[in-house]
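My notebook is open and the model is loaded. I'm jotting down what I look up as I go.

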Amino acid sequence: MALGRTSPRDLPLFADLSGRDIRDIFRAGEEVSVPAGWSLILEQTPPDAAYLILSGTAAVREKGQEIAELGPGDIAGEVAVRKNTLRTATVTAKSRLQLLHFTREKFDDLTRRLPAFRDAIDATIQERRG
């Protein structure tokens, strides 16, 4: 459950979650590793998964233009899953990534069962949409 040397509790996404909620989140996801250059999410594809970045960095691109960089503690793919819309951006690993992969079903279950997680995800979406 460790994110390198950072505790999940130190990450904004988990700040208001209990230890039990954090354990539930980590149990719901599957830890995976992907190499640099791997695209996790492709623009204009269905919302099948979301990813929590445990280590490494990823580029977020819209229409080929880099609009953001994500790192440990950031989540990717949450907007399309929560809003049930096609992906609006492509997310590609800039370095090797350790991720927690959530199927859409697991992610939806977490947002239903854990109000603090849902609120954190919705706040992230609001922040990203400006």
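I started with strand 3 and strand 6, which pair in the antiparallel sense over two bridges. Strands here are DSSP runs (E, at least two residues) and helices are DSSP runs too (H or I, at least four), numbered from the N terminus; two strands pair if DSSP finds at least two bridges between them. Before going on, I noted that this is a predicted model, where local features need pLDDT of at least 70 and side-chain atom pairs count only at pLDDT 80 or more, while totals for chains, interfaces and linings use all residues. Residues are numbered from 1 along each chain as its sequence is written, and side-chain values use heavy atoms, with hydrogens and water left out.

What order do the four strands of the open sheet take? I read it as 1-8-3-6, with antiparallel pairing. Strand 1 (30-34) and strand 6 (75-76) are at the edges with a single partner strand each, so one side of each has no neighbour in the sheet.

**Helix 1 and the cores**

I looked at what lies over the sheet. Helix 1 lies across strand 1, strand 3 and strand 8, at about 90° to strand 8 (axes are lines fitted to C-alpha atoms, for helices over the stretch in contact, and angles run from 0 to 180 degrees between N-to-C directions; contact means heavy atoms within 4.5 Å).

Is strand 3 mostly covered or uncovered? Covered: six of its seven residues are buried, meaning under 20% relative accessible area, with exposed over 50% and partly exposed in between (1.4 Å probe, protein chains only).

Next I checked the nonpolar cores, sets of buried Ala, Val, Leu, Ile, Met, Phe, Trp, Tyr and Cys residues joined through side-chain atoms within 4.5 Å. The largest has 23 residues, and Leu52 is among those with the most contacts inside it, as are Phe14, Ile25 and Phe102. Helix 1 (19-28), strand 3 (49-55) and helix 4 (115-129) are among the elements that each supply at least two residues of this core. Apart from it I found another core, of 15 residues, including Ala49, Tyr51 and Ile53.
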